[in-house]
Amino acid sequence: MNPNRESRPRELPPRRTGTPRRLLTVAVAAVSLSAAGLVPLAGGAAAHSGRPDFGPNVFVYDPSTPVAQIQARFDELFAQQEENEMGTNRYAILFKPGRYDVNGKLGYYTSVAGLGQSPDDVDINGAIRVIGQADPGSVAGISALTNFWRSAENLSVTPTDWSNQWAVSQASPMRRVHIRGTLWLEPGNAGFSSGGYIADSKVDGITINGSQQQWLTRDSELGDVWTNGVWNQVFSGVVGAPEQGFPNPPYTTLPTSPVTREKPYLYVDGRGDYRVFVPTLRHNTSGTTWGEGKRQQGYSLPIGDFFVAKPSDSEHKINQALARGKHLLLTPGVYHLDRALRVKRPNTVVLGLGMPSLAPDRGDAALRIDDVDGVRIAGVLVDAGPRESDVLVEVGDRHSRRNHSANPISLQDVFFRIGGPWVGRAKTSLVVNSDDTIIDNIWAWRGDHGNGIGWSQNTADTGVVVNGDDVTAYGLFVEHYQKYQTVWNGEDGRTIFYQSELPYDPPSQAAWTSPTGKGYASYQVARHVREHEAWGLGVYSYFNQEVDIRADRGIEVPRTPKVKFHNMITVFLDGSGGIERTINDAGTPVVGSYGTSTIVDYPGA
C-alpha cells in the first residue's frame, strides 16, 4: 500500500441527491436502497413493475414457457452463431427461477443467465454447453481454440448426459454457476483448447480439464477432483483445489484471494421486479459467496435507476443519462460511438447484457472513467475502429492519486479486440491510472485472424498499461500486440494468472526490437518499481512469417528483492525463432521446436 495518498471513505451504495452520505450494511440481495432510507435517484424512476424493454435480442423465460419453445430458440441461435465468429449479432437468454428441461448449446456472442438471487434458484436439467469445432488441420480433428465470446452465469446445471461440457478458450467466463455433476472443459479427442475462467462457482463432481493449456479458477468450490493440466493452471481461493505442484503438475494454488468483488448481476425479486445486485468488497476470500446457506453481501438497485440502452442510442444520449446519475445497462448489439462514454459519478454500474460491443469509430476512446470511488464496469466487448485511438478504455487520468482501497473501481469480463470484424487500430487497449483498481478477467487481443489483419493494418502497441498503485489483476489475458503486451508502472501491483502469446507476424527482427534487446517482453515491470508480485504466468511464441524472430525474454522486471514472480513458463508453440529466456536472464531457450522453460521463483531463494 502507498501511504502517501488521499484517504477515502469506505465502500458505499450510490449517493442520492439531497441525502447525506452514510455507511450502510446491506446483506441480502432483495434489500433495496429505498428500504435503507435512500430517496430515488435524481432524474430516475421507480422500479418497473414488469419486464423492461431489453430489445429483440433478449429472451426471457419462466417455468410456464413450453420446453419445446425454449429448445427451439437455443437450436436456432446455435445454428446461426456456431460459426459467426466475427459477426455483429449479440444475444442473451434469461431464465426466471424454476426448473427447465433443456439442452442449450452456445455459439458466439450468446450469454445465458439465471434471474434468481442464488444460482440454485434456476435449475437447468440438461445442459448449458459449449462444444468443440471441427478443425481439419489438427491431428484431433476438433478444437476449442477459437471458442471465444460467450458466457454462463447465475444458474445451476444438472447434467442429464455424463457431463456438462464447457469447451472454451478466452473471453468465455463461467460465473456463479453450480454444476451438479461432472464439468468437462475440453472439446474431446484430445483437441486443443486455450481457456479459461471460472469464478464464484461450485462443481459437485469431477472437473476434467483435459487439454486446456491454461485456466484460472477463483473463489469457487471443487468436488471430487480436478484432472490433468497442460502448462498453467491457477487456483485462487478455491475450496477443494489441487495442491501446489508447479511445474509438474502445473498447478499454482493460493489459499485465498487478496481482494475481490464479484460481478453485478440482473435478477427478479419476489414481486417480479427487475433489479441489479451489486456485491460488496471482500478480503482474503475463498469459496463461493452463495453456497451452504451464505447470504451474499451487497446492495440492490431497481432497474428504474438504470438507463437501458439500445444500439440505436447515440453516445450523447447515453452520456446525458450518465450525467443525470443513471446507471447503465447495455442491451445486446454493437454501439458505434463518435465520442467516448463518460462515467463521472461514484458507484456507477455499467453492465452489459449479452456481451454488447462498444466501437469507437472516430479515434476517441470507447469508455473513460473518472478517478472516483466504486465504479463497476462488467460484461462489455470493445472493438477498435478504423481511425486509430490512443486508448480504448481509460480508468482515471495521469494525475489520479486518490485512495480507493475501501471502494475500488472494478473491471470484470471486459474484452478488447483490434481487428477481426473490421480493420481496427488503437495504440493501447486499457490504461489503468486509478489506484486500487480490480481487474477481473480481461482479454486484450490484437487479432491474428479475421478481417483487417496484418502488421500494418490492425496496428496496436500495447494491450494493458497499469499506472495506478495497489492494482490487483485476476485473469489477465493479453495477446499479439506489436510492442510490450503488458506494462506495469504502478507500485504494489499483483497479478494472479497471466496468459500471453507474442505477436505472430513481425516481418523482421528489425521491425520488432525493443530498447532492451531482441523483441519485446510480454510482461514488463518498469525499472523504477520497487514492489510487485505475480503468480502463474505463461508466455508463448508462434512466429509465422518464416523469419527467425527472437524475444530475448518473456518477462522483464527490475532486479529488486520485493519484485517477486512465482510459477512462470515460456513455450515454443510453432513457427520460427522463439524465446531465449523466461524472466530476465533466467530460464532456458525455447527456440526452433516445441519446448518449455519453467521458473518456480524469481528471484530465487
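How many bridges join strand E34 to E36, and do the two run parallel or antiparallel? Strand E34 (residues 389-395) is joined to E36 by 5 bridges, and the two run parallel. This model is predicted.

E36 spans residues 426-432.

Is E36 enclosed or open to the outside? Buried here means under 20% relative accessible area. Of the 7 residues of E36, 6 are buried, so the strand is largely enclosed by the rest of the structure.

**The whole protein**

Strands run through this model: the protein has 51 of them, along with 2 helices. Its radius of gyration is 23 Å. The globule rule gives 25 Å for 605 residues, which is close, so the protein is as compact as a globular protein of that length. Along the principal axes, the C-alpha atoms fill a box of roughly 65 × 55 × 45 Å.

Buried residues make up 65% of the 605 residues. Contacts reach along the sequence. Among those with a separation of 6 or more, 65% link residues 24 or more positions apart.

**Space inside**

Rolling a probe the size of a water molecule over the atoms shows where empty space is left. How many cavities of 30 Å³ or more does the count give? The count comes to 6. The largest cavity has a volume of about 240 Å³. It is lined by 22 residues, and the closest to its centre are Ala113, Glu153, Lys263, Gly352 and Leu353.

Which elements give two or more residues to this lining? They are strands E2 (91-95), E5 (110-114), E9 (150-159), E22 (265-268) and E30 (349-352). E5 gives the most, with 4 residues. By type, the lining of the largest cavity divides into 12 nonpolar, 7 polar and 3 charged residues.

Terms used
Residues numbered from 1 in each chain as written. Predicted model: local features only at pLDDT ≥ 70, side-chain atom pairs only at ≥ 80, totals over all residues. Heavy atoms only, no water. 1 Å grid on protein atoms, 1.4 Å probe; cavity = no way out; pocket = protein on both sides within 12 Å on 5 of 7 lines; lining within 4 Å. Points joined across faces, edges and corners; volume = space filled by probe spheres on them. Nonpolar A, V, L, I, M, F, W, Y, C, P; charged D, E, K, R; others polar. Buried < 20%, exposed > 50% of the residue type's maximum accessible area, 1.4 Å probe, protein only. Pairing = 2+ DSSP bridges. Rg over C-alpha atoms; globule rule 2.2 N^0.38 Å. Contact = heavy atoms within 4.5 Å.
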